Amino acid sequence: QLQASGGGLVQAGGSLRLSCADSERTFSVYAMGWFRQAPGKDREFVAAISWGGGTKVYADSVKGRFTISRDNAKNTMYLQMNSLKPEDTSVYYCARGPRAVTPPEAYDYWGQGTLVTVSS
């Protein structure tokens with residue numbers, strides 16, 4: 001089971017750190033990803049990380065502002081979000097899959113979302 005947390009309300013320019021905890025012992029063998037979905041919009045790729053953390057992929061819209069990381073000893077993935085913008089407002093989801101790629105269809109297990117709201 002994937003459990004995302006850390007969302008909240010923040011002013012533009014602020015920071016938040018999201019966490020995604022995996023209750024499965026097999027966490028370390030999977031790639032992980034973050035996606036987001038705003039009301040009325042499709043689910044959008046944000047970032048992904050390979051099982052060992054050596055490969056990280058970012059959407060152009062968050063590159064340089066967001067950092068994805070993982071701690072396999074804690075079965076947890078993180079998303080550090082800096083310089084937040086109102087357009088980052090979304091429900092953020094974490095997902096697990098075989099490779100750190102962008103299409104959501106490549107991920108086979110999803111957690112519930114955590115809401116991030118950025119005020120202007």
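## R70 and its surroundings

Leaving aside neighbours within four places in sequence, R70 is in contact (heavy atoms within 4.5 Å) with F27, S28, Y30, A31, M32, I49, S50, W51, G53, T76, M77 and Y78. This is a predicted model, where local features need pLDDT of at least 70 and side-chain atom pairs count only at pLDDT 80 or more, while totals for chains, interfaces and linings use all residues. Residues are numbered from 1 along each chain as its sequence is written, and side-chain values use heavy atoms, with hydrogens and water left out.

R70 sits in strand β7, residues 66–71; strands here are DSSP runs of E, at least two residues, numbered from the N terminus. Buried means under 20% relative accessible area, exposed over 50%, and partly exposed in between, with a 1.4 Å probe and protein chains only. A salt bridge needs a side-chain nitrogen of Lys or Arg within 4 Å of a carboxyl oxygen of Asp or Glu.

A polar atom of the R70 side chain does lie 2.9 Å from the backbone oxygen of F27. The R70 side chain also has a polar contact of 2.8 Å with the side chain of N72. A polar contact is a pair of N or O atoms within 3.5 Å; within protein, one must be able to donate a hydrogen and the other to accept it, and residues adjacent in sequence count only if both atoms are side-chain atoms.

## The sheet around β7

β7 belongs to an open, antiparallel sheet of 4 strands in the order β1-β3-β8-β7. The edges are β1 (2–5) and β7, each pairing on one side only. Two strands pair if DSSP finds at least two bridges between them. β7 and β8 (residues 76–81) run antiparallel over 6 bridges, with I68 opposite L79 in β8.

N75 lies in the loop between β7 and β8. N75 has a positive phi, near 50 degrees, despite not being glycine, and counts as buried at 18% relative accessibility. S83, in the loop between β8 and β9 (90–97), also has phi near 50 degrees, but at 41% relative accessibility S83 is partly exposed.

S50 lies in the loop between β5 (44–49) and β6 (56–58) and is buried, at 15% relative accessible area. Beyond four places in sequence, S50 touches Y30, A31, T55, R70 and A100.

A48 is in β5 itself, with a relative accessible area of 0%. Among the residues A48 touches are M32, I68, V101 and Y107.

## Salt bridges

The count comes to 5 salt bridges. D22 pairs with R96, the closest N and O atoms being 3.1 Å apart. D22 lies in β3 (residues 16–22) and R96 in β9, so the pair ties together parts 74 residues apart in sequence. D22 is buried at 5% and R96 at 9%.

D88 and R36 meet at 2.9 Å, N to O. D88 is in the loop between β8 and β9 and R36 in β4 (residues 31–37), 52 residues apart. Both are buried. Salt bridges that share partners join R36, E44, R65 and D88 into one network. K63 and D60 also form a salt bridge, at 3.1 Å, and both residues are exposed.
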